Amino acid sequence: MTSPVLGSQDTCSKCGASLSATLRHCPTCQTDAGAPNVRHCRTEGNLKALKARFDDAQSRASAKGCLKEFGDLEATIKNKSSVVVSMTAGMAKNLFENPNVLYTNYEQLVGANARKPAGPDNDRHRCAVGGLLFGSYANLIRYGALSLTKEGLPTYGDVHCRLRSVTIDKRTSFLETNSYRFVSDHKIVAGVKLPAGYMACWEYRYHLVLAKLADSLLVEQTESDWQEILIQSDGKDRKNDSFVEAHIYEGFDRNAIESLVTATGKKLSKSEKLDLDLAMNEFKRLGGKTK
Ligand SMILES: [Zn+2]
């Protein structure tokens with residue numbers, strides 16, 4: 001069963017007008033219908049398919065004697081997971097130096113001429129993948145990784161920023177893997193609907209994680225084992241990363257960040273070190289935790 005995304009319609013709960021699934025506000029009465037990426041995850045087709053994958057994962061875990069671990073991981077994801085956005089030291093410095101700065105994504109930075117595009121093939125690829133998943137609001141999506149700790153993906157930057165759940169839970173959805181791999185594995189091209197059951201809103205993120213990781217469960221695993229299988233990265237090549245990708249609708253400022261830690265094993269230039277120190281000092285001054 002596939003779930004429609006692009007070009008489909010919702011109905012405004014206030015005035016009854018039809019509302020594109022890619023719009024946040026009703027064009028007729030301007031009622032906030034909620035972030036479109038989250039609304040997509042809440043469609044009946046997606047919820048049903050995701051629950052079926054979760055139930056199936058539970059049966060497989062049970063068959064191999066890991067039902068306790070399955071339940072423990074479920075509770076851990078519900079209670080301890082949030083989103084970590086990993087960014088360059090320069091971006092962290094900008095965020096912490098100025099309370100008015102919002103974290104921006106690649107498309108916005110390129111659009112505003114604030115950074116050079118990646119190589120032409122890379123640039124086309126990034127924009128195409130965003131368009132296939134989100135359509136016209138792709139440039140409003142910020143990317144992160146679901147994590148049980150303060151650590152995220154070292155391949156995306158030198159600084160890991162864990163976000164306060166309360167600042168993102170209503171506008172964040174999750175994809176089972178990174179969007180490049182997802183689009184390629186599921187052979188999603190223009191005109192093909194997205195497969196249902198691979199995306200989740202905040203409260204069902206545990207469905208997605210268990211569907212993905214049930215086969216990696218082993219008896220007596222602990223939380224640190226689960227973090228290791230939840231986020232896998234060699235720190236060098238994004239192609240080798242494995243994680244649950246978070247999609248945050250629109251940006252956030254420094255107040256959304258609950259912890260700031262540096263990625264391990266990185267060689268920073270002098271100016272990157274300076275940027276990092278500035279960000280860390282400002283974060284500490286504001287009362288944040290860097291350890
Ligand atoms: Zn309306």
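**Reading a helix pair**

Analyst: In this predicted model, the crossing of helix 2 and helix 9 is left-handed.

User: Which residues of helix 2 and helix 9 make the contact?

Analyst: Helix 2 contributes Leu 50, Lys 51, Arg 53, Phe 54 and Ala 57, while helix 9 contributes His 207, Leu 208, Leu 210 and Ala 211.

User: At what angle do helix 2 and helix 9 pack, and how far apart are their axes?

Analyst: Helix 2, which spans residues 44-63, and helix 9, which spans residues 205-213, pack at an angle of about 45 degrees, and their axes are 8 Å apart. Helix 2 is therefore oblique to helix 9, because angles under 35 degrees count as roughly parallel and those from 65 to 115 as roughly perpendicular.

User: How many helices and strands does the protein chain have, and what is its radius of gyration?

Analyst: The protein chain has 11 helices and nine strands. For 291 residues a compact globule would have a radius of gyration near 19 Å, and the chain, at 19 Å, agrees with that expectation. Taken along the principal axes, its C-alpha atoms fill a box of roughly 55 × 55 × 40 Å.

User: What share of the residues counts as buried, and what share of the contacts joins residues at least 24 apart?

Analyst: Of the 291 residues, 40% count as buried. Among contacts between residues at least 6 apart in sequence, 75% join residues at least 24 apart.

Notes. Residues numbered from 1 in each chain as written. Predicted model: local features only at pLDDT ≥ 70, side-chain atom pairs only at ≥ 80, totals over all residues. Axes fitted to C-alpha atoms, helices over the stretch in contact; angles between N-to-C directions. Helix = DSSP H or I, 4+ residues; strand = E, 2+ residues; numbered from the N terminus. Parallel < 35°, antiparallel > 145°, perpendicular 65-115°, else oblique. Left-handed = near helix turned anticlockwise from the far one by under 90°. Contact = placed C-beta atoms within 7 Å. Rg over C-alpha atoms; globule rule 2.2 N^0.38 Å. Buried ≥ 20, exposed ≤ 12 C-beta atoms within 10 Å, placed from the backbone.
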